[in-house]
Structures are given as structure tokens and as C-alpha cells.
Amino acid sequence: MSEQPSPTLPPVPTRTLGTGDAALDVSALGLGCMGMSEFYGTPDEEGGLATIRRALDLGVTFLDTADMYGPFTNERLVGRAVAGRRDEVQLATKFGNERAEDGTRLGINGRPEYVRTACDASLQRLGVDHLDLYYQHRVDKTVPIEETVGAMAELVAAGKVRHLGLSEASAETVRRAHAVHPITALQSEWSLFTRDLEDTVLPVLVELGIGLVPYSPLGRGLLTGAIRGDAGLAVEADSRRTAYFPRFHGEALEANLVLVDRVAALAEQRGCTPGQLALAWVLAQGRRHGLGVAPIPGTKRVRYLEENVASLAVELDDADLDALEAAVPVGAVAGARYGDMSSIDA
């Protein structure tokens, strides 16, 4: 029998991504599984398994992975965690950031033949017969999006995939893709620290009825207040220590920590953690914009998962949202979100 939710944690509601035949009901808060296998410190398979299973017990059933995480090991981990519980889960994975078994990056691949083989490989690693949501992880600028999404649509017709998504796609790409096959969700970075998509992409999602799945809704951990320079980062294996994440270094970090302190002060007034307040801001955006929004904060620790779930009890009104946005004005964050933005569709 599944462990019951802690009485101190709120129930997890659902959100609907997409509309019509493309609609997918997911838990309002998802779980990003990437860091269990790579990038944010030493992989922790047992911690990851425990976290995923606790998530399901709490009603966090929207799980996010990708073939490139590990590479390939994260899908296997998620598959182990959901074995015997597949019907409880909305399972999302991604293709397109092609890597070799040894981790070598081979580039972005959106060719139709690759779409098909990548999907079959993901199904095998996950140990399932279908994916609830299949994303193109990054847009291949050498392949017309119509060809890539056409191949993805064939997977839907074959019963291997239920719904289609894109990640980090521009407004124009989203519109063109949606004309080929209904797109259920766009996964892109969105938080108090990253609001790039609001001017151009967000209006198109609202217009077309496409849901939004924000990744890194806690600013890659900065908004939790736990990272002060190297403190709070795993030793060496944490990619946030590298130049690939400019916001974590030098004068940019110093400037960004001033913003974090402002969020922390507001959180203290509310009696919650800075991370909970920042996550509550993201969760409130669905109501504010009339859009299905389901963020996927990542963790490999049960205690951080439970802290994130508690954010669902932090209800923000318009005055609260305005205060947060005054504390972290658009454009105030120092440093690009990636050191190399060339893979982002713009």
C-alpha cells in the first residue's frame, strides 16, 4: 500500500496542459529527474528512486526525464521507479540532444528517422509501451520543424506517444509545429529569474491553448537561498561551478544574491522558505495568464521534494505577485542563463 501524504503537506491538484484532443491532465507540480543522474553533483540512484516513489505517494505524478540525461541512465532509473505504478504516472521524456554511450555530445538531431529510433529506445529503457508526453528537447535548426513534428505525429498514430511537446522553441516555431499536429505543452525555463518567454512566446501559447511546463523554476537552486558562492553546490561534479552557468560566478552572482535576499525577506514575512515563495510565483502564473502551467522542480532528495510540495499551500494574490516582481524586476538578473545560447531557438 502506498504511503499516505504527510498531514503537513497539502494535496496536489491537477492542471490541464493543452486543449481538445491534445489535453493532458497532470499533477500541478511535477518532478524533474535529471539531477538524479547527471549535472548537479554525484548521481544518486537510490536517492532518486526513493524521491520518485515518495513523489507518487504524495500525488506528484508528472515525471520528466530525457534520453540525454546520463546519458540514458535517467530513463532507466525512472522506469525502475514507476514499475508496477505506470497507471499513476504522466510520463514525459525528450529526444533531440543526441549523445553517445560515453557521453559525447553529437549535436541536435531532429531528422525524422532519428525521431522514430529515439522513441523506440526510450520506450525500451523506460519499460513502457507508450509515452504520455514526448518533447523535442531542442529545435534542430537544420531540419524544418514540420518534418520533425510530422515524424512525431506518426508516433501518436502508432500508439507509442499520446501527446507532443517542444522545448525552448520560439513563438514562430511553436506556431508552425502546432499547424502540423496539436502541441500539448512547451517546456522552457521560467522563473522569477528567467522571464524571456513572456513577451513573445507566452501570448502564442495562450492563443493556441498550449500548456507551459517551466523547468528550473527555482533558478537552478539560486532562489532557494541555499547557494552562496560555492556553498550549496556539490563538489566538482556540479555543472553550475562551470562557465556554462554565468549567473553563479563573480559579480553576476553577487548581484543575483541581492535579489535572492529580497525574495527571502518576503518569504520570511509569509512564513515560508524563499524557494517555496519563488515556486508559488510560478504556480500562480497559470491563473494570471489563463494557461495550464505545471512546473517541474528537480531534486534527488525526499526532503526537498516535500518542501516543494508545501509550496502548493502558499497562495499569492495580485499584491503578492506585484511585490515579488518589484523585488526581482524583469532584466535585473545578471548573466546569461547559459554560457552558450546557440542551441536556444530564437
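View 1. The model is a predicted one: local features need pLDDT of at least 70, side-chain atom pairs count only at pLDDT 80 or more, and totals for chains, interfaces and linings use all residues. Residues are numbered from 1 along each chain as its sequence is written, and side-chain values use heavy atoms, with hydrogens and water left out. Helices (H or I, at least four residues) and strands (E, at least two) are DSSP runs, numbered from the N terminus. Strand E5 (residues 90–95) pairs with E8 in the parallel sense over four bridges; pairing requires at least two DSSP bridges between two strands. Phenylalanine 95 has glutamine 136 in E8 as its bridge partner. E8 also runs parallel to strand E9 (residues 164–167), joined by three bridges. Here tyrosine 135 has glycine 165 in E9 as its bridge partner.

**View 2. The β-α-β unit.** E8, helix H4 (residues 145–157) and E9 make a right-handed β-α-β unit. Right-handed describes a path from the first strand over the helix to the second that runs clockwise, with the strands pointing away from the viewer.

**View 3. Asparagine 109 in its loop.** Asparagine 109 sits in the loop between strand E7 (105–108) and helix H3 (112–126). Its relative accessible area is 2%, so asparagine 109 is buried. The side chain of asparagine 109 reaches the backbone nitrogen of arginine 111 at 3.0 Å. This is a polar contact: a pair of N or O atoms within 3.5 Å; within protein, one must be able to donate a hydrogen and the other to accept it, and residues adjacent in sequence count only if both atoms are side-chain atoms. Leaving aside neighbours within four places in sequence, asparagine 109 is in contact (heavy atoms within 4.5 Å) with Phe95, Gly96, Glu98, Tyr114 and Asp140.

**View 4. Helix H7 and the helices it packs against.** Helix H7 (residues 250–270) has 21 residues. From first C-alpha to last it reaches 31 Å, close to the expected 30 Å (1.5 Å times one less than the number of residues). Its buried residues are Ala252, Leu253, Asn256, Leu257, Leu259, Val260, Val263, Leu266 and Ala267. An α-helix has 3.6 residues a turn, so residues three or four places apart point the same way. The buried residues of H7 pack against helix H8 (274–289) and helix H10 (318–327). Just after H7, glycine 271 takes a positive phi of about 75°.

**View 5. Arginine 287 on helix H8.** Arginine 287 lies in helix H8. Its side chain reaches the backbone oxygen of leucine 316 at 2.8 Å. Not counting residues up to four places away in sequence, arginine 287 touches Leu316, Asp318 and Leu321.

**View 6. Aromatic pairs.** The count comes to four aromatic pairs. Rings of Phe, Tyr and Trp (its six-membered ring) pair if their centres lie within 6.5 Å; planes under 30 degrees apart count as stacked, over 60 as edge-to-face and the rest as tilted. Tryptophan 190 and tryptophan 281 form an edge-to-face pair, 5.8 Å centre to centre with 70° between the planes. Tryptophan 190 lies in the loop between strand E10 (185–189) and helix H6 (201–208) and tryptophan 281 in helix H8, so this pair ties together parts that are 91 residues apart in sequence. Both tryptophan 190 and tryptophan 281 are buried. Phenylalanine 245 and tyrosine 338 form a tilted pair, 6.0 Å centre to centre with 45° between the planes. Phenylalanine 245 lies in the loop between strand E11 (211–215) and H7 and tyrosine 338 in the segment after H10, so their pair ties together parts that are 93 residues apart in sequence. Phenylalanine 245 is buried at 5% relative accessibility. Tyrosine 338 is buried at 7%. Phe245, Phe248 and Tyr338 form one aromatic cluster.

**View 7. The E1–E2 hairpin.** Strand E1 (residues 14–17) and strand E2 (residues 24–27) run antiparallel, joined by four bridges. Leucine 17 stands opposite leucine 24 in E2. Six residues lie between the strands of this hairpin, where glycine 18 takes a positive phi near 80°.

Methods. Buried < 20%, exposed > 50% of the residue type's maximum accessible area, 1.4 Å probe, protein only.
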